[in-house]
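The sequence and structure are shown first, and the description follows.

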Amino acid sequence: MATIISRIKRVAGMLRERPLRRAEYDERFSMSLRQWLIMHQKEIVFDKMTWMGTKIWKNPFDIWIYQEILHEIKPDVVIEIGSAYGGSTRYLADLLDLLGNGMVVSIDIDRSKYHLEHKRVIALTGNSSDPGIISRVEEICSGKKTMIIQDGGHSKAQVLSDLENYSRFVSLNSYFIVEDGIVDLFYPEDGLGFSEQGPLAAIEEFVSRHPEFQVDESRERYLMTYNPKGFLRRISV
Ligand SMILES: C[S@@+](CC[C@H](N)C(=O)[O-])C[C@H]1O[C@@H](n2cnc3c(N)ncnc32)[C@H](O)[C@@H]1O
């Protein structure tokens with residue numbers, strides 16, 4: 001009898017709690033996609049997001065798409081321009097490990113935060129615009145299936161320069177991913193983004209001059225992306 005009474009009390013308690021729980025989640029679910037993107041950028045990405053213990057500055061929806069692209073393309077070389085702590089570098093290298101093939105070439109001008117050692121990573125330290133770095137990349141990519149992720153300098157001029165210098169290394173059907181075009185879509189009152197033009201402006205100018213690259217909007221299917229129009233597929237040589 002005592003058991004039945006305590007079970008009834010427990011169920012009654014759960015029923016009382018349910019509307020409270022729903023109210024809490026209703027408030028969360030009333031957030032717009034835009035509010036989520038801003039909240040993630042301001043409160044999560046820089047301090048609270050890690051890959052295998054190393055800081056990674058990414059939108060989780062974007063790196064899921066990276067996993068899909070890597071599995072589809074199976075590149076021999078992934079060039080990552082901009083690695084910071086190396087969480088994204090390790091993420092890419094770990095996925096290549098799972099696929100059993102490929103190397104990540106990490107290019108960064110500042111290695112003060114970066115302490116990664118991984119058998120699938122080659123680290124080149126310097127400015128992505130430096131001709132010495134570009135010719136080293138050319139040697140590494142020669143005859144290899146290559147894709148590129150640009151997450152280095154985010155000014156329009158730097159992104160355009162990286163697109164012009166590195167796009168020739170991208171293999172047919174592979175990708176040049178340009179990160180963080182979202183900064184061009186934030187408003188000044190969001191407290192994010194730049195006063196000058198950024199990656200999205202560079203992409204628009206680049207694709208108008210390079211019909212061999214096409215924006216693949218299917219890679220934005222989760223809607224929550226920091227890379228609007230940033231998944232550039234090479235459709236011809
Ligand atoms: C946004 S962080 C990279 C974040 C990293 N990909 C991640 O997801 O965790 C940008 C990095 O690009 C580097 N960087 C900026 N301008 C650069 C340039 N012109 N050449 C090479 N690296 C650059 C910075 O030193 C910084 O570490």
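## Helix α6 and its cover

The buried residues of α6 are covered by elements that include β3, α5 (131–141), β6, β7 and α7 (199–209). The model is a predicted one. Which residues of α6 are buried? They are Lys156, Gln158, Val159, Asp162, Leu163 and Tyr166. An α-helix has 3.6 residues a turn, so residues three or four places apart point the same way.

An open sheet is built from seven strands, with mixed pairing, and its order reads β5-β4-β3-β6-β7-β9-β8. The edge positions belong to β5 (121–125) and β8 (213–215); each has a single partner strand, so one side of each lacks a neighbour in the sheet. On average, and with direction ignored, neighbouring strands of this sheet are turned by 20° against each other.

## The ligand shell

How many residues surround the ligand? The shell comprises 21 residues, and the closest of them are Gly82, Ala84, Ser88, Gly152 and Gly153. Two elements, α4 (87–99) and β4 (103–108), each contribute at least two residues to this shell. Strand β4 is also a member of the seven-stranded sheet, placed between β5 and β3 in its order.

Sorted by class, the residues around the ligand are ten polar, seven nonpolar and four charged.

## Overall architecture

The secondary structure of the protein consists of seven helices and nine strands. Of its 237 residues, 35% count as buried. Among contacts between residues at least 6 apart in sequence, 68% join residues that are at least 24 apart.

The domain assignment gives domain 1 (2–30) and domain 2 (50–234). Taken over C-alpha atoms, the centres of domain 1 and domain 2 are separated by 46 Å. Along the principal axes, the C-alpha atoms of the protein fill a box of roughly 80 × 40 × 35 Å.

Key. Residues are numbered from 1 along each chain as its sequence is written. This is a predicted model: local features need pLDDT of at least 70, side-chain atom pairs count only at pLDDT 80 or more; totals for chains, interfaces and linings use all residues. A residue is near a molecule or strand if its C-beta atom, placed from the backbone, lies within 6 Å of it. Helices (H or I, at least four residues) and strands (E, at least two) are DSSP runs, numbered from the N terminus. Ala, Val, Leu, Ile, Met, Phe, Trp, Tyr, Cys and Pro count as nonpolar, Asp, Glu, Lys and Arg as charged, and the others, Gly among them, as polar. Two strands pair if DSSP finds at least two bridges between them. Axes are lines fitted to C-alpha atoms, for helices over the stretch in contact, and angles run from 0 to 180 degrees between N-to-C directions. A residue is buried if 20 or more other C-beta atoms lie within 10 Å of its own, exposed if 12 or fewer, and partly exposed in between; C-beta atoms are placed from the backbone. Two residues are in contact if their C-beta atoms, placed from the backbone, lie within 7 Å. Domain bounds come from an automatic or database domain assignment.
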